[in-house]
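Hi everyone, thanks for coming along today. Could we have the picture up on the screen, please?

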Amino acid sequence: MSGAVDERVNLAGIELRNPVLTASGTFGYGSEFSPFMDLGAIGGFVAKSLTLQPRAGNPPPRIAETPSGMLNAISIENIGVEAFLSESLSALPENVVVIASCFGTEPDNYAELAAKLSESPRIAGIEINASCPHVKSGGIEFGQDPRLLGELISRVRAVTAKPLLAKLSPNVTRIDEMARVCEGAGADGISLINAVQAMEVDVETQQPVLSNILGGLSGPAIRPIALRMVWQVAQAVNIPVCGIGGIITPEDAIKFLLCGATAIQVGTANYLNPAAGREIAEGIAAYATRKGFPRVADLIGALRLPEA
Amino acid sequence: MTQSPDAQRPSPTPIRVDAEVLENHRDAGGNHCLTLEIPGWPGAEPGQFAMLKPGGPEESDRTDPLLPRPMAIYRGHAPAQSGGAARVDFLLKVAGRGTRLLAGARPGEFIHLVGPLGGSFAPIARGSRALLVGGGTGIASLYELAARGAKGAEVEVILGARRAEDLMGSDAFEALGVNFRVTTEDGSRGLAGRVTDGLEDALAAAEGPTTLYACGPTPMMRACAEIAARVGVACQVSLENTMACGFGVCLGCAVPVRSGGFSLICRAGPVYRAEDVVWEGLP
């Protein structure tokens, strides 16, 4: 599909062959998807959030389906940064753009992680997960307090020269304020949104469906909320925005670009269709061709507003 | 992390494909037998599964239900001829909206499929004795195991159901030439009682190396695990759980294991040594 249209975008200093990334926590460490698509067909991927030490997840049930969405409470189960650097990265082809995601319980953990990851030439950028909605401490606490969030981003900024993305929680009153804090603290870009904190109940058993009680809602159910927040943040900051939230089709992705996102991340869709990222990238290029945009980058912020 | 049973054969590389529904008929007990034509099917090992989502390319934007459903591969473990397609059967129990849509898929419609996924049962060793116990749609996971085992081992299959009219697959299993028995809870066919009744005596009386294989409702498999432990016979079970992807990334299908922590059914399972499972921790 590449032919006539220039699909490239630059996200916060990261050169991407097209604007489609896959979202942290939905794409494993990349090679899980090798049987289903050429990983070089997408712009890149954000790996599962890492912690300094390997981390086990919550007891089952961990996931549940809801209308046009799913709830999850995994709790940042991951192999730890050392195994990621020594094993996962080397299993990937050279042409795959890898963004690492950091998670911690205090700014020092995040900074130590970011410093370790920054030593690897295979890491194109770092995304700070300040927004996991189902971990008891860390993550969302940073994402919901502007002062803590600013301190966290500053702390990580001081230890890395890699492009730095701050991933925001939607579980706040003023998303634009959180984005401005990150910009002021030195972030190169803003990724949003993480999952929406949510809950579901089984009336037969009279119990919550998740062992963790609360979980994160993802999938098409949250897409209009995500789109609204991306629109607001794109107006509020001068750094690039990466749009995330319920993107299943190329049309979904295009809406985020039109609202000001420089790139997008495909999340839950990877579960139902492990080639979703490639298909969405192809669909965006086809749309740009059909609409007469010479470059996919011309779609960014091209939303046409009603005359005032 | 708990390892899958020893001597497991390598699994074929999975594919994702839109598969046409060839047949979809009501089977016993209100269950359905769904037959798909799968282009480029790489074949499967006994015990593997696939993720099925109703709707082909035109319905790829369908968002409710959102997630595919894991289904054991019943028949059709041979790969498609080069450039061709294979017929593959699945047994469906209607448990909610997703499975109801799959059960209602008509010939000519498409199902989005990712598979084969997961590991497999360790093959039945030549010259050994194997006892296979199945209940409900769990019999699907055992069929190919029995078919391959029957060629060089002494294989006995016991299928259990509540009533005779709920029993699936008895003709298919009988045709394999295995020792075949049926139990029904109401006594309307075969032995009256549960499928695990008499199992302890049968295992204790067995001569030579014997393995018990079980797939069905969790309480049934747990009972099999306890009997096998008492008699000192190796037991393999095939577990199921809610999962969003089937290939190790959603991390939703975790089960607690004796070695500590959790194991992903889609990757380390679905087949486990019964003694590795923390049965009281299953959802």
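First, some housekeeping. This is a predicted model, where local features need pLDDT of at least 70, side-chain atom pairs count only at pLDDT 80 or more, and totals for chains, interfaces and linings use all residues. Residues are numbered from 1 along each chain as its sequence is written, while chains are lettered from A and ligands numbered from 1 in the order in which they are written.

Let's begin with chain A. How many strands close into a barrel here? Eight do, in the order β3-β4-β7-β8-β9-β10-β15-β16 of chain A, and the pairing is parallel. Strands here are DSSP runs of E with at least two residues, helices are runs of H or I with at least four, and both are numbered from the N terminus. Two strands pair if DSSP finds at least two bridges between them. From one strand to the next, the twist averages 25°. For angles, axes are lines fitted to C-alpha atoms, for helices over the stretch in contact, and the values run from 0 to 180 degrees between N-to-C directions.

As an example of a pair, take β4 (residues 44-46) and β7 (residues 98-102) of chain A, which are joined in the parallel sense over two bridges. In that pair, A:Phe45 stands opposite A:Val98 of β7(A). Lying across β7 and β8 (123-129) of chain A is helix α2 (residues 107-118), which runs at about 170° to β8(A).

Now look at helix α7 of chain A, residues 250-258. Seven of its nine residues are buried, meaning that 20 or more other C-beta atoms lie within 10 Å of their own; exposed means 12 or fewer, partly exposed is in between, and the C-beta atoms are placed from the backbone. Among the buried ones are A:Pro250, A:Asp252 and A:Lys255. And what covers them? The cover includes β3 (20-22), α6 (223-236), β15 (241-244), β16 (263-266) and α9 (276-291) of chain A.

Speaking of phi, here is some background. Most residues other than glycine have a negative phi, and most peptide bonds are trans. A:Ser75 is not a glycine, yet its phi is positive, about 80°. You'll find A:Ser75 in the loop between β6 (69-72) and α1 (81-88) of chain A. Is A:Ser75 buried or exposed? A:Ser75 is buried, with 20 other C-beta atoms within 10 Å. A:Gln206 also has a positive phi, about 60°, although it is not a glycine. A:Gln206 sits in the loop between β12 (201-202) and β13 (207-208) of chain A, and A:Gln206 is exposed, with 7 other C-beta atoms within 10 Å.

There are cis peptide bonds to point out as well. One joins A:Leu192 and A:Ile193, with omega about 10°. A:Ile193 belongs to the loop between β10 (189-192) and β11 (196-198) of chain A. Another joins B:Gly115 and B:Pro116, with omega about -5°, and B:Pro116 is in strand β6 of chain B.

That brings us to chain B. It is divided into domain 1 (15-117) and domain 2 (129-238), with bounds from an automatic or database domain assignment. Taken over C-alpha atoms, the centres of the two domains are 25 Å apart. Each domain gives 14 residues to the contact between them, where contact means that C-beta atoms, placed from the backbone, lie within 7 Å.

Also in chain B, strand β8 (residues 154-161) runs parallel to β9 (residues 179-184), joined by six bridges. There, B:Leu159 stands opposite B:Val182.

Finally, where do the chains meet? The contact takes 30 residues from chain B and 32 residues from chain A. On chain B's side, β13(B) provides the largest share, three residues.

Conventions:
Two residues are in contact if their C-beta atoms, placed from the backbone, lie within 7 Å.
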